[in-house]
Amino acid sequence: MTEPALTWADVAAAGGIREWVDAEVARQGLASTGVPPNMTDAEKKLFKARRDEERRVRKELYKRAWSAYKRAHIVHLGPGVFWHDTADVDRFDADDPEKKRQDNALPKLADVEAFAKAVGVDIPRLRWLSYHREVDSGTHYRRWTVPKRDGTARLISAPKPDLKRIQRWITTEVTEHLPVHGAAHGFITGRSIVSNARVHAGAHVVVKLDIRGFYPTVTMRRVKGLLRRAGLGEQVATLMALLATESPREEVETHGKVHYVAIGPRSLPQGAPTSPSITNALCLRLDCRLAGLARKLGCRYTRYADDLTFSWHGDGKAAIGSLLRATTMIVRAEGFEIHTKKTRVMRKGARQKVTGLVVNEAQGRPTARVPRTTQRELRAAIRNRELGRPGKGESLEELKGMAAFIMMTDRERGRAFMERIDKLIAAREVK
């Protein structure tokens, strides 16, 4: 008959692992009472066999008790990751963490068990998803690269379903509740590339700067610090920071097996649902400082992810040199770096683009709109499809995405494009 699974509650009720093992040995009548004097050879043989049986049973009981402990505790999360299974208060906690948690409207997660229950997984699986390995035989991410406009490759790391579900929970229940600055426009409900661009529409001078390696710069330690300051405890903050980050990895094949070798510290992956909201919250002080600088210099400031934009609208002199020097110093002080080769100064006489939209005045009024070249390309692509030509090979779904992009700034024109594409899709389905 199979013994019922031992729970940690059973062991804890006995006083701990050693106490539970001692009680079980005694219950089975195997507890040692000392070496009897003047034993015969037969009695010695029997005593030795009994002692060996006690050792065997103790070893098996310790194994069962430790297994029960691991089912209820994290124990360890990999090399270089501090972990303690006792949830307590330490000097890195925020002042009055409970008030911080309530102010940020975060869920009450007292310990690992509460977090595991909230995300709907058991503790062993939570440990497996968050465990850091320098060399791993598998990965929780699917990786591919997409080309950037400058010709280099951008690594996309998309979490697999189990991890993605937990990351979405962290996003909606925790990181999207953290305060962000009004100058931030990326990945925030009610804001977009359009709201970002409209701030700078009709400007005399627009200055664009780019943060180099934005997501890779935000390491696991910075994420954990953000969560601790928000009011979460050491244990839960550590787990969330691990779940939201991953090391850049290189595939290495040895002896016919592929291994994924970490080639850098854990940081925010491009492609994880947690990354945008974490960076928005983490950049709160950066945005405050840059917005203050903009007020001092008489210009406007917005940030869309790693794109920083400043613009002057009045007739006063644009202090571009002072802006660039001060911004570089502030960004560096906040743990980031400006990509100097991507800095652009766009004046009124030339085309000004902000987050892909043209912000020059049109017909005497400030506006943000999709470039005419994009509209012409879409019009030509749709016409080619209506005439039965393949065009440049774009799918109808891709054309629909372009139409939705135009619709963000010009609803009537975008809707007209969308209706023509919908007719093409309907005709394709009939065939």
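Keep in mind that the model is predicted.

**The nonpolar cores**

Let's start inside. The largest nonpolar core has 66 residues, and those touching the most other members are Phe115, Met240, Leu290, Leu308, Phe310 and Trp312. Helix α11 (residues 234-243) gives this core its largest share, seven residues. Apart from it lies another core, of 26 residues, with Ala203, Tyr304, Ala305 and Ile421 among them.

**A buried helix**

How many residues of α11 are buried? The count is 10 of the 10, so the helix is largely enclosed by the rest of the structure. The buried residues of α11 include Glu234, Gln235 and Thr238 as well as Leu242 and Leu243. Among the elements that cover them are α5 (112-119), α6 (123-130), β2 (141-147), α7 (161-173) and α10 (220-229).

**A three-stranded sheet**

Now look for an open sheet of three strands, in the order β1-β6-β5 with antiparallel pairing. Its edge strands, β1 (135-136) and β5 (249-254), each pair on one side only. Six bridges join β5 to β6 (residues 257-262). Within this pairing, glutamate 250 has valine 261 in β6 as its bridge partner.

**Salt bridges**

Side chains of opposite charge can pair when their charged atoms come close. The structure holds 23 salt bridges, and here are some of them.

| Salt bridge | Closest N and O atoms |
|---|---|
| Aspartate 162 and arginine 125 | 2.5 Å |
| Glutamate 246 and arginine 266 | 3.5 Å |
| Arginine 303 and aspartate 287 | 2.9 Å |

In contrast, glutamate 246 counts as buried at 11% relative accessibility, and arginine 266 is buried at 9%. Arginine 303 is buried, with a relative accessible area of 0%, and aspartate 287 is buried with 0% as well.

Arginine 303 lies in strand β7 (residues 300-304) and aspartate 287 in helix α13 (residues 284-297), so this pair ties together parts that are 16 residues apart in sequence. Finally, Glu246 and Arg266 also belong to a network of salt bridges that links them with Arg143 and Arg249.

Technical notes:
Residues are numbered from 1 along each chain as its sequence is written. This is a predicted model: local features need pLDDT of at least 70, side-chain atom pairs count only at pLDDT 80 or more; totals for chains, interfaces and linings use all residues. Side-chain values use heavy atoms; hydrogens and water are left out. A nonpolar core is a set of buried Ala, Val, Leu, Ile, Met, Phe, Trp, Tyr and Cys residues joined through side-chain atoms within 4.5 Å. Buried means under 20% relative accessible area, exposed over 50%, partly exposed in between (1.4 Å probe, protein chains only). Helices (H or I, at least four residues) and strands (E, at least two) are DSSP runs, numbered from the N terminus. Two strands pair if DSSP finds at least two bridges between them. Contact means heavy atoms within 4.5 Å. A salt bridge is a side-chain nitrogen of Lys or Arg within 4 Å of a carboxyl oxygen of Asp or Glu.
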